[in-house]
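Hi everyone, thanks for making time this morning. I'd like to walk you through one model, and please stop me whenever you want a second look.

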Amino acid sequence: MTKLTNCILNKDPSCVPVWFMRQAGRYLPEFRNIRSKNKNFIKLCLNSNLSSKITLQPMERFRLDAAIIFSDILMVPYSLGQKVKFEKNIGPKLSLFNLKNFQSNKKKDFTGKLRPVYEAIKKTRKNLNKEKSLISFIGAPWTLIVYMFGLKKDKNTIDINKLKKSESDIKIVLEKIVDFLCVHIDNQIKAGADTVQIFDSWAGLIPQENLFNYCYKPNKKIVDFCKQKKIPVICFPKGIKKKYLEFAKIVNPDCLSLDYEINPNWARTNLNNYCLQGGLDPKILFEKEDVIFRAVDKYLNAFKGHPYIFNLGHGLLPETNPEVLQKLIDRVNNFK
Ligand code: 1CP
């Protein structure tokens, strides 16, 4: 067992493992160097030597307890036949969704397209210290649907009319994509990953009346699959505020990752039955050292004696200074 899986499965509060969402990425000069020579992001994710190398970059720099495989949640829609482009300063753009094409997908072809991701996991596991976890991940069905159907109007709103118009297609996709996501999880575990994180990054944009069907239900199906396979699973239903409690009760994941809007003391009181992760606002890392340390200590104190994994409340921002991250990691590792 690794420090991370011990914390999640044995609910051992005696140590605080640490890793970061988006730890392999744009804030690291060594990543930007590789990225500048590889303009096509999907191709980069499908280059198993490079994606394994990128996965290990933060592990070489920092004392982290887990690596997260360098890939993207959109590799799944890509492998289900949609074209995916990453445009600078705009974000990911997908070709128009087509239900017939979607329904014609076969699991064998899907696995074939994602083979390089599994190769990258194998290579990474070989080069990673046995005590460190290797985290695999997927996007939750709703969060993938936001991209697959182009549902976002701007950064923080969805186009409700488009959502209503696509409702019958969305229902079909919600059901069927779960099967493909479970195949992807299974393949990643067989390749050597030991933990799964489910990113429902846009759960906060779901209309209240759809929360059960669009968020809780699909997350629960995937969590149940992981439990049946005895794979520790972390859920991140970002932006649902106090509904975290309802989510926890219904979905019951092994670990819940908090976003930066959740008050840590509220979480300690109300989510006391669950192993918890993260929470710190990634923007705090732009502040002065004493402000950062105070914020870090707030989380460490709130979860003292509770199974807790240190992480952020969303991904590391590209402008983060790696030296500041180093100081934060030292603070967590030296906390008594
Ligand atoms: O260099 C570049 O321009 C590409 C930037 C980049 C990177 C480094 C993208 C495009 N994806 C990634 C890698 C990535 N994506 C990882 C790697 C492992 C790690 O965490 O270090 C992971 C786990 C993801 C997951 C992901 N992709 C999510 C869920 C987590 C989250 O941040 O909410 C989402 C929503 C995406 C979509 C996506 N991929 C890339 C962009 C720019 C976006 C849009 C959302 C965003 O800007 O955060």
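Predicted model: local features only at pLDDT ≥ 70, side-chain atom pairs only at ≥ 80, totals over all residues.

How many residues surround the ligand? There are 21, and the closest are Arg22, Arg35, Asp72, Ser201 and His314. If you sort that shell by class, you get 13 nonpolar residues, 4 polar ones and 4 charged ones.

Take Ser201: an N or O atom in its side chain sits 2.6 Å from an oxygen atom of the ligand. As for burial, the ligand on its own exposes 850 Å², and 87% of that is buried by the protein.

Let's stay with Arg22 for a moment, as its backbone deserves a look too. Where is Arg22 found? It is in the loop between helix H1, residues 3-9, and helix H2, residues 29-36. Its phi is positive, about 60°, although Arg22 is not a glycine.

Asn252 is another residue to look at here. It is not a glycine either, and its phi is positive, near 50°. You'll find Asn252 in the loop that runs between helix H12 (244-251) and strand E9 (255-258).

Last topic: helix pairs. The axes of H2 and helix H4, residues 48-61, come within 10 Å and cross at roughly 165°. An angle over 145 degrees counts as roughly antiparallel, so that is how H2 and H4 run relative to each other. Their crossing is right-handed.

What about H10, residues 167-191, and H11, residues 211-228? Their axes also come within 10 Å, and the crossing angle is roughly 20°. H10 and H11 are therefore roughly parallel to each other, and the crossing of this pair is right-handed.

That's my tour, and I'm happy to take questions.

Terms used
Residues numbered from 1 in each chain as written. Heavy atoms only, no water. Near = heavy atom within 4 Å. Polar contact = N/O pair within 3.5 Å; in protein donor to acceptor, adjacent residues only side chain to side chain. Areas by Shrake-Rupley, 256 points an atom, 1.4 Å probe, with all protein chains shown as cover. Nonpolar A, V, L, I, M, F, W, Y, C, P; charged D, E, K, R; others polar. Axes fitted to C-alpha atoms, helices over the stretch in contact; angles between N-to-C directions. Helix = DSSP H or I, 4+ residues; strand = E, 2+ residues; numbered from the N terminus. Parallel < 35°, antiparallel > 145°, perpendicular 65-115°, else oblique. Left-handed = near helix turned anticlockwise from the far one by under 90°.
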